[in-house]
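Visitor: I am new to this structure. Please take me through one part of it closely.

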Amino acid sequence: VQFNVVGESGFSVRDGFMGIALQYLDQTETIPFVSQAADLEYRISSLIRQMSDSSRATVAYYVNPTRQQQGETFGAFRQQIAEGYNVTTLNLQADTIFADDVMVAVLVGAPDSLTEAQSSQFRAFLDRGGSVLIAASGMQIGQQQFAMARPPAWNALLEPYGISIGDNMVYDLASNERVAMQTQFGQFPIG
């Protein structure tokens, strides 16, 4: 593809490439369009690692089925994880929650409760060195737009490690925007 280049010495036309193809054994990965070089080294290194690593770690991914909106929000995050790891769906209703090859559990949202069997499987997973990333809230917005405390079920698992998810709200002061929130005590502005 030809590009017009305007520089100090004047105007010129140069040939350039729009994308990059990497081949390894029978695999081909592409970067279809290179618009900037700032992250090009990282993207190429990631693709090389992805193609040459035969023993990719497994990440189990859980999204609370009653809160699908959270799952949609974290969909891009799951796609990014899948570029470097095997991703499986974590099913809390299964007899065996964690396969032996799962190294990390990503938990988006929290179920209403955990059974003792589920809790013991999570404890066994953590005891064998498994890692957990939890993205859950300690607040719940009701149908009348009331903000209410909702202690996540994960707190029972986290307490032995000195960690808990608080039942409070956080907002960004730098991106402060006034938002009216209904509470049981009336409407008040946040911000």
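Which residues does L107 touch, not counting residues up to four places away in sequence?

Guide: Start with a caution: this is a predicted model. Now to L107. Leaving out residues up to four places away in sequence, L107 touches Y62, L90, F122, V132, L133, I134, A135 and W154.

The largest nonpolar core has 19 residues. L107 is among those with the most contacts inside that core, along with L90, L92, F98, F122 and W154.

Where does the core come from? Strand 5, residues 58–63, supplies at least two of its residues. So do strand 7 (102–108), helix 4 (116–127) and helix 5 (155–158), each with at least two. In soluble globular proteins, nonpolar side chains tend to be buried together.

Step back to the whole chain. The protein chain has 5 helices and 12 strands. Of its 191 residues, 26% are buried. Take the contacts between residues at least 6 apart in sequence: 53% of them join residues at least 24 apart. The accessible surface comes to about 13,300 Å², and carbon and sulfur atoms hold 52% of it.

Next, look at R78. R78 sits in helix 3, which covers residues 75–84. Not counting residues up to four places away in sequence, R78 touches Y61, V87, T88 and T89. Is R78 buried, exposed or partly exposed? R78 counts as partly exposed, because its relative accessibility is 27%, and that class lies between the 20% and 50% cut-offs. R78 also has a partner to compare along the chain. V106 is 28 residues away from R78 in sequence, yet their C-alpha atoms are separated by 9.1 Å.

T96 lies in the loop between strand 6 (86–89) and strand 7. T96 is exposed, because its relative accessible area is 57% and the class begins over 50%. T96 and Q118 are 22 residues apart in sequence. From C-alpha to C-alpha, T96 and Q118 are 8.8 Å apart in space.

Now go to the start of the chain. Strand 1, residues 2–7, pairs with strand 2 in the antiparallel sense, over 6 bridges. The two strands form a hairpin with 2 residues between them. One of the bridges joins G7 to G10 of strand 2. Strand 2 is hardly covered: among its 6 residues, the count of buried ones is 0.

M18 is in the loop between strand 2 (10–15) and strand 3 (20–24). M18 is partly exposed, with a relative accessible area of 31%. With F3 and F33, M18 makes a nonpolar surface patch of about 260 Å².

Finish at L25. L25 lies in the loop between strand 3 and strand 4 (27–31). L25 is not a glycine, although its phi is positive, at about 50°. L25 is exposed, because its relative accessible area is 75% and the cut-off is over 50%.

Definitions and conventions:
Residues numbered from 1 in each chain as written. Predicted model: local features only at pLDDT ≥ 70, side-chain atom pairs only at ≥ 80, totals over all residues. Heavy atoms only, no water. Core = buried A, V, L, I, M, F, W, Y, C linked by side-chain atoms within 4.5 Å. Buried < 20%, exposed > 50% of the residue type's maximum accessible area, 1.4 Å probe, protein only. Helix = DSSP H or I, 4+ residues; strand = E, 2+ residues; numbered from the N terminus. Contact = heavy atoms within 4.5 Å. Areas by Shrake-Rupley, 256 points an atom, 1.4 Å probe, with all protein chains shown as cover. Patch = residues over 30% accessible without salt bridge, like charges linked within 9 Å, V, L, I, M, F, W, Y side chains within 5 Å. Salt bridge = Lys/Arg side-chain N within 4 Å of Asp/Glu carboxyl O. Pairing = 2+ DSSP bridges.
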